[in-house]
Amino acid sequence: MFSAEFVPAQEMLAHWSSLYCVQGFKAMAQRIDPEAFLDGFAEQYRHTCEGEMQYQKLGASELGGKASYSAMLTCDKMPQTHRGEQGIDKPVGEIGHYTVIAGKEDLFLLHQSARGEALLSLSSLKVAPPIERIADMSGLR
């Protein structure tokens, strides 16, 4: 697995308000489909979440001729998983949009999340699927 994580310039990976992450899983595309991969990922997320967790499947699509599957994951008490800064150990609310794309050989997970105290109450949060997706997947193998 390889990954790249991006946070706002003034923030640290140990304490962020928004995050964009790209992960690649070598030689996984022939072993598991995007929905099943995301289901397994959501189960791990459920074990990490210390409060109420929601998994809202948004469905399958095709991006640049590649099979993909998207979902929203929310947790009202997500622990800080990138430890290292002093005084940052209080769980926070988190919401994320996840898309798994099946390349020719590899699976790719694109993930954009937000964290903060405003997300601590998820019971009234409803997220609609994106209306439009723009992607150039020609570089994925």
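Biologist: Quick one. Is Tyr45 buried or exposed?
Modeller: Tyr45 counts as buried, because its relative accessibility is 6%. Buried means under 20% relative accessible area, exposed over 50%, and partly exposed in between (1.4 Å probe, protein chains only).

Biologist: What kind of model is this?
Modeller: It is a predicted model: local features need pLDDT of at least 70, side-chain atom pairs count only at pLDDT 80 or more, and totals for chains, interfaces and linings use all residues. Residues are numbered from 1 along each chain as its sequence is written, and side-chain values use heavy atoms, leaving out hydrogens and water.

Biologist: Why does Tyr98 count as buried?
Modeller: Because its relative accessibility is 1%.

Biologist: Which residues form the aromatic cluster?
Modeller: Phe41, Tyr45 and Tyr98 form one cluster.

Biologist: New residue. Where is Glu94?
Modeller: Glu94 lies in strand β5, which spans residues 92-102. Glu94 is buried, at 4% relative accessible area.

Biologist: And which side chains does Glu94 make polar contacts with?
Modeller: Tyr45 is one partner, at 3.2 Å. Arg115 is another, at 2.4 Å. A polar contact is a pair of N or O atoms within 3.5 Å; within protein, one must be able to donate a hydrogen and the other to accept it, and residues adjacent in sequence count only if both atoms are side-chain atoms.

Biologist: Let's zoom out. How many helices and strands are there?
Modeller: One helix and six strands. From the N terminus on, the elements run β-β-α-β-β-β-β.

Biologist: What order do the strands take in the sheet?
Modeller: The order is β1-β2-β6-β5-β4-β3, in an open sheet with antiparallel pairing. Strands pair if DSSP finds at least two bridges between them.

Biologist: Which strands stand at the edges?
Modeller: β1 (2-6) and β3 do. Each has a single partner strand, so one side of each is left without a neighbour in the sheet.

Biologist: How many bridges join β2 and β6?
Modeller: Eight, in the antiparallel sense, between β2 (residues 18-25) and β6 (residues 107-116). Val22 has Leu110 in β6 as its bridge partner.

Biologist: Which strands does α1 touch?
Modeller: α1 packs on the sheet and touches β2, β3, β4 (66-78), β5 and β6. Contact means heavy atoms within 4.5 Å.

Biologist: What about Gln54? Where is Gln54 placed?
Modeller: In strand β3, residues 53-63. Gln54 is partly exposed, with 25% relative accessible area. Its side chain makes a 3.0 Å polar contact with that of Glu52. The C-alpha atoms of Gln54 and Thr74 are 5.2 Å apart, though these residues are 20 residues apart along the chain.

Biologist: Last one. What share of the residues is buried?
Modeller: Of the protein's 141 residues, 39% count as buried. Among contacts with a separation of 6 or more, 60% come from residues 24 or more positions apart.

Conventions: Helices (H or I, at least four residues) and strands (E, at least two) are DSSP runs, numbered from the N terminus. Rings of Phe, Tyr and Trp (its six-membered ring) pair if their centres lie within 6.5 Å; planes under 30 degrees apart count as stacked, over 60 as edge-to-face and the rest as tilted. Axes are lines fitted to C-alpha atoms, for helices over the stretch in contact, and angles run from 0 to 180 degrees between N-to-C directions.
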